[in-house]
Amino acid sequence: MTPPETPVAGQSAKAAERAPAVSSCLEVLRKRPDFLRAARAERQGMPGFLLQARRRNPDEPVPPQTIRIGFTCSKKVGNAVARNRAKRRLREVARLVIPQNGQPGWDYVLIGRAGATADRPFDKLQNDLAQALQKVHRA
């Protein structure tokens, strides 16, 4: 299997230089305990998703300048195809918005909403995330 960053024969160099799925300043949450800790922290509901945010403790073994983010969608969102589409949209919104509006030392979890995350216009999803981050950090 060829790594995604390796240009394939006949593929232009531009296609191989696309931005990564998640920005380099972001780390993706993968372990269940990280999601559970975020679930006990602050929440901000928006029309397109629910944001959970938590400031990490200084004694955690994660570099303090790292921003971590997780994505999840329940079966209420739909079948596997619908859930994957919603998560792809959330990942792209996070890649565009969190590096500018997120704060180092925080964990964020984006939870997709049924009938909203996949159907909401993309620019509104971006505005929702920017507003949610402002509200969370204001508190």
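## A buried aromatic pair

Trp 106 and Tyr 108 are both buried, where buried means under 20% relative accessible area, exposed over 50%, and partly exposed in between (1.4 Å probe, protein chains only). The model is predicted: local features need pLDDT of at least 70, side-chain atom pairs count only at pLDDT 80 or more, and totals for chains, interfaces and linings use all residues. Residues are numbered from 1 along each chain as its sequence is written, and side-chain values use heavy atoms, with hydrogens and water left out.

The structure holds 1 aromatic pair. Trp 106 and Tyr 108 form it, stacked at 6.2 Å centre to centre with 10 degrees between the planes. The rule takes rings of Phe, Tyr and Trp (its six-membered ring) with centres within 6.5 Å; planes under 30 degrees apart count as stacked, over 60 as edge-to-face and the rest as tilted.

## Overall build

The protein has 4 helices and 5 strands. Along the sequence they run α-β-α-β-β-β-α-β-α. Both types are DSSP runs numbered from the N terminus: helices are H or I with at least four residues, strands are E with at least two.

Of the 139 residues, 37% are buried.

## Helix H4

Helix H4 covers residues 122–138, 17 residues in all. The expected figure is 1.5 Å times one less than the number of residues.

Which residues of H4 are buried? They are Leu 125, Asp 128, Leu 129, Ala 130, Ala 132, Leu 133, Val 136 and His 137. Their cover includes strands S2 (42–45), S3 (49–55) and S5 (106–112), along with helix H3 (80–101).

## Salt bridges

The count is 8 salt bridges. Each needs a side-chain nitrogen of Lys or Arg within 4 Å of a carboxyl oxygen of Asp or Glu. Arg 37 pairs with Asp 34, with the closest N and O atoms 2.3 Å apart. The two sit 3 residues apart in helix H2 (residues 32–39), so about one helical turn separates them. Arg 37 is partly exposed at 29% relative accessible area, whereas Asp 34 is buried at 9%.

Arg 54 has two of the bridges described here. One goes to Glu 60 (3.1 Å, N to O). Arg 54 is buried at 8% relative accessible area, and Glu 60 is buried at 15%. The other goes to Asp 107 (3.2 Å, N to O). Asp 107 lies in strand S5 and Arg 54 in strand S3, so this pair ties together parts 53 residues apart in sequence. Asp 107 is buried, at 0% relative accessibility. Shared partners join Asp 34, Arg 37, Arg 54, Arg 56, Glu 60, Arg 68 and Asp 107 into one salt-bridge network.

Methods
Contact = heavy atoms within 4.5 Å.
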